[in-house]
Amino acid sequence: MKRKTFILSILSILVIVSLIFTSACSTSSTSGANSSTAANSTPQVITLNLAGENNTIDPNRASWTSERTIIIQCFDGLLTFNSDLTLAPMVAKEIPTVANKDISADGKTYTIKLKNNVTWSDGTKVTAKDFVFSFKRLFSPDLASEYESFYSDVVGGDAYFSATGKTDAEKQALQDAIGVRAVDDYTLEIKLTDSLPTFTQLLALWPVFPVRQDMVAKYGDKWAQPDANGAMPNYIGNGPFILKEWVQQDHYTLVRNEKYWGTKPKLTQITFKELTDANLALAAYKAGELDQSGVPGGTEQTTMNDATLSPQILRFPTLTTYAFQFNVTKPPFDNKLLRQALACAIDRSAYINQVRHGVGKVALSWIPPGMPGFDATLGTDWSFNPTKAKQLLAQAGYPDGKGLPELKFQIANTGANPTIAAFLQGQLKDNLGINLTVELMESKAYSALYNAKQFTWGFTGWGADYPDPDDWLPQLYMTGAGNNKTGYSNPAFDAISKQALAELDNTKRLQLWAQAQAMVVADQPMIYVFNRETFVLQKPWVKGMVTSGLDGNVAGDTFLRNVYIQK
Amino acid sequence: MAVEINTPVVFERPPHTLWGDAIIRLRRNYFAMGGLAFIILLSLAAICAPLITHYGFADQHLDQILQGPSAQHWMGTDQLGRDTFARLLYGARTSLAVGIFTQFIVIVIGLPIGAIAGYAGGRVDNYIMRFVDVMYAFPDILLIILLRSVLGGSIYMLFLAIGLVAWVNISRLVRGQLMALKSRDFVSAAKAMGGMGPYITWRHLLPNALGPIIISITFNIPRAIFTEAALSYIGIGVKPPTPSWGAMIQDGFNLIFSKPYMLLFPAIALALLMLAFTFLGDGLRDALDPKMRR
Amino acid sequence: MGRFIIRRVLWLILVLFVVLLITFILMHLVPGGPWDREKALAPKVIEALNKRYGLDLPLWRQFVNYAWGVLHGDLGISYSYSDRTVVSILAHGIPKTATLGILAFVVAQAIGIPFGVAAALKQNSAVDYASVLFSTVFASIPGFVLGILLIVLFAVVLHWLPTSGWGSIQQLIMPVFCLAALPAAQSARITRASTLDVMRQDYVRTARSKGIMESTVRVRHIFRNSLIPVVTVAGPELANLITGSFIIENLFAIPGVGRLFVQGIFARDYTLIMGGVLFYAITIALLNLVVDILYAAIDPRIRYE
């Protein structure tokens, strides 16, 4: 008897404990559920899917597109991008140029005048000091910002960033030496070590959005973190929306900034959910819980054939190129003719049109269409041509594949990667009779192999941080550059790149980059495969959506301030 | 009138062994035999796959992508126009191998360890079980990622990786059974007759503990097949283009709304295999039950 | 019994230490670190990040620092969720995951054990076959497939339940059911097998021959004694459920600890991995202790000491 009660009591404890947990947790809010019952006018609320949890939403620290999605709603920088990817002034009065003297003749000093009516969401003015603080914080060695390297050309920035082991006094001295200062409340001066014309584009990116010194002083790096209830009282921005709530791993709630200095957005509330599973997101969309959702990869054709869903499709190209990149330092891929032969053996349009149901665009060169530097005529020599592929293979010293060592291809096993690997395998088999060994790897293991340049042939994608060849060519193809994993080294390319990076005349600059890209494409250190196209569903009542090639995982996130709801 | 040949008129039984007896009893169990037949047939079909279908598991037909079942492709085609029926047949090789070999590793490691702990008890039991606690607790995904990256990506490594983390359940189960059995009269009798520990364990304890162990193993075979699917999902499964049922279910899941048959066929195949193992497991349990001797 | 429990709890400390040490070594052996990603970070950035998180120290120092922190209740700061302490992350996720797990466990046993007993008492009857069919069906549908089917049916078609998320009782129903399906099936099979074993034991025959009422025989002699394997399997099963399922939490977008832990492994978020392992190890060890206590409670012949 005694033992029976013992078992029973354990069971009842379990039940009670679970009930306590349930009731304790059910108090956390499910916002947005009852907002659709508003009486007269259509509620201006939208629910989108961020598809994952963010690391940080501190502008100085953020590095992922889903982090940018939140930050750009809450902050305005000096400059911004228009939907056609040209620059526009935001907090700055005008775009700095040499012509308007905001950029000095040597291209090394930027003097930026600010608007005097920009306010933080608590009503205080945004001044040049806020930008100075943000720049200096970006270079802080203790903060370890991942985008610091983008701004290496600022005087004193790197010296401060590298001061990890130094004393506080030494760090302070280095921080004071950074070439960013407030001339007066509405004039900001930035000094660069070299002429860098694309620095204006860097001024439009989130790492140098203004940051409140008082909040950071008070709360340290936790200023961008929610409190225990998910509220964000210290996350003060100068953007069109205020982040009211971040319930971690669950959702974000943003509300309209009623004190916004510019044109107030029409939406009163944006909710970002964090549904990671693609099938779940689609189900939530169909159930009316989301106003926009992606579709699981491979279902695009069915979606297009669906009478209800097809009018709700929203698709647009994004600035991303995918490529099969070689390690050109190791045999057999140090052989240019072999690389060219393989490039000619891949039917990219079959991949786009059949496997991806026409979503995306065949790429034959590196810089994607829709941004400066794209050249449609480049790379056509290495488009799909099985006969030429066979000839090149013979010229490379492997007639009919004879004497070719085992070819290995490494790829991270994420998303549609296994499919593209199997596709490549099939193409080489069918068009050249070559067997390819595919090594599917866990994502980090792949990245480690790749960063250590131990791979032989891999798959990579590159998305634009900003729409300029500066972001696409030198980082990947200059000898020894940080993201040059192929080991590509071409002195002619290096020389022309150095010239282009500093060239203040835009036309001439782009001409130089065109030459540089042509050199790379001819050498085929990568086989260019396709450009990405975003393919999402959006409810018909979402109006005013403007998309851009720089959009992140949430389609239209760059211009949510223009969106409204009309039912 | 026909003579009733089945009538049991055996008055005296020939000398028999546990296993010999078990086979006779198993043969009388139609469900178990049906399950066994299905497993054997599937294994044969997997081995002789090239004789059954003329499609290869890696042949891509880019002009016939994601087609529904037809006379040409009995179970339709996948994202690369590969024949699903062919992939299912060849995939049975991977999945059966994963299911059976991992359980083999599990038995080889888990059974003796559990038996020693359960029989010896006391300090030995404590040491072994704390070791099992350690094994339970640490993250198997980490171990599998490590094993796969250090030892390479062959399918044998996959067996080893799954088996090495799965044996703890069986060892705890065996231990629990032996702890309950060892104080029974027949064990005391065997001990009194001078039986040695290993002999008693092997001869008296394990056969009596087999029921739940067999059930657990037949249950774990499909679980191992699922584990393989989960591993494919996180990037440490079988190499493409080798098919496996787990990976096919994973692929089909992505297309569940648009091409449900992509999920349906591998899922049904797995369910049938599971049913076959369940029937066989139940039959084996009944057959090996020493109390069932008539 | 008291001394036994105290001894086991002391052992727990050693087990935890060993688990943490092994995990720490494994974690650093696995290829790829927290800052490895396809778009490489600049070496100076990696250096600064290592410094920030104390990863520039020799490994043994890192472990000693970590262990020292654990003794003070400090599990460090996560790398993939900046500025959040692992303690706060776990405190955020564990209640949710544990609620789901405990509910799923209760549901699983409430379905599985009666089914198994009924199947055994009426071996080869319709109940028996129904139980086989039920357990086969639920054991052969992967959780994520069952989950999405439920979502489509109850959220998209019928609009009875929300698809996913956390906060209301309605949101619990589908994930609990998905989590419970496989353990329920397994429990039914194991219960059937062990009940059949026990039914043929001498003491059951003796009890019957003494003329004890059949219902009493069933409850006191058969059911109770058939629980040993059920309890053995249930212990780790409960631990499994409490510590969360990556697949189910991911599918239903539940902010639980199971999802965080697996994501932590993929992100090589060392402190989060260690924190998750610590939680997992404590849960497992305590539940195995409970199982061992239950053994003795169920079967008076099992004695410790």
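First, the conventions. The model is predicted, so local features need pLDDT of at least 70, side-chain atom pairs count only at pLDDT 80 or more, and totals for chains, interfaces and linings use all residues. Residues are numbered from 1 along each chain as its sequence is written, and chains are lettered from A, with ligands numbered from 1, in the order in which they are written.

I'll start with chain C. Its secondary structure is 13 helices and zero strands. Helices here are DSSP runs of H or I with at least four residues, strands are runs of E with at least two, and both are numbered from the N terminus. Along the principal axes, the C-alpha atoms of chain C fill a box of roughly 80 × 60 × 30 Å. Of its 305 residues, 55% are buried. Buried means that 20 or more other C-beta atoms lie within 10 Å of the residue's own; 12 or fewer makes a residue exposed, anything in between is partly exposed, and the C-beta atoms are placed from the backbone. Taking contacts in chain C between residues at least 6 apart in sequence, 73% join residues at least 24 apart. A contact is two C-beta atoms, placed from the backbone, within 7 Å.

Now helix H7 of chain C, residues 169-199. There is a kink of about 35° at Ala181(C), shortly before the proline Pro183(C). That bend is the angle between axes fitted to the seven residues ending at a position and the seven starting there. H7(C) is mostly covered, with 26 of its 31 residues buried.

Next, a helix pair. The axes of H4(C) and H12(C), residues 257-267, come within 8 Å and cross at roughly 130°. Axes are lines fitted to C-alpha atoms, for helices over the stretch in contact, and angles run from 0 to 180 degrees between N-to-C directions. The two helices are therefore oblique to each other; under 35 degrees counts as roughly parallel, over 145 as roughly antiparallel, 65 to 115 as roughly perpendicular, and the rest as oblique. On the H4(C) side, the residues are Ile89(C), Leu90(C), Gly93(C), Ile94(C) and Thr97(C), and they meet Val257(C), Gly258(C) and Leu260(C) in H12(C). By class, that contact has five nonpolar, three polar and no charged residues. Nonpolar is Ala, Val, Leu, Ile, Met, Phe, Trp, Tyr, Cys and Pro; charged is Asp, Glu, Lys and Arg; the others, Gly among them, are polar.

Over to chain A, which has an open sheet of four strands in the order S1-S9-S8-S7, with mixed pairing. Its edge strands are S1 (45-49) and S7 (241-247), each pairing on one side only. Strands pair if DSSP finds at least two bridges between them. The twist averages 20° from one strand to the next. S7(A) and S8(A) run antiparallel, joined by six bridges, and Phe241(A) stands opposite Arg256(A) in S8(A). Helix H2(A), residues 65-74, lies across S7, S8 and S9 of chain A, at about 140° to S7(A).

Last, chain B: 11 helices and zero strands, with 52% of its 294 residues buried.
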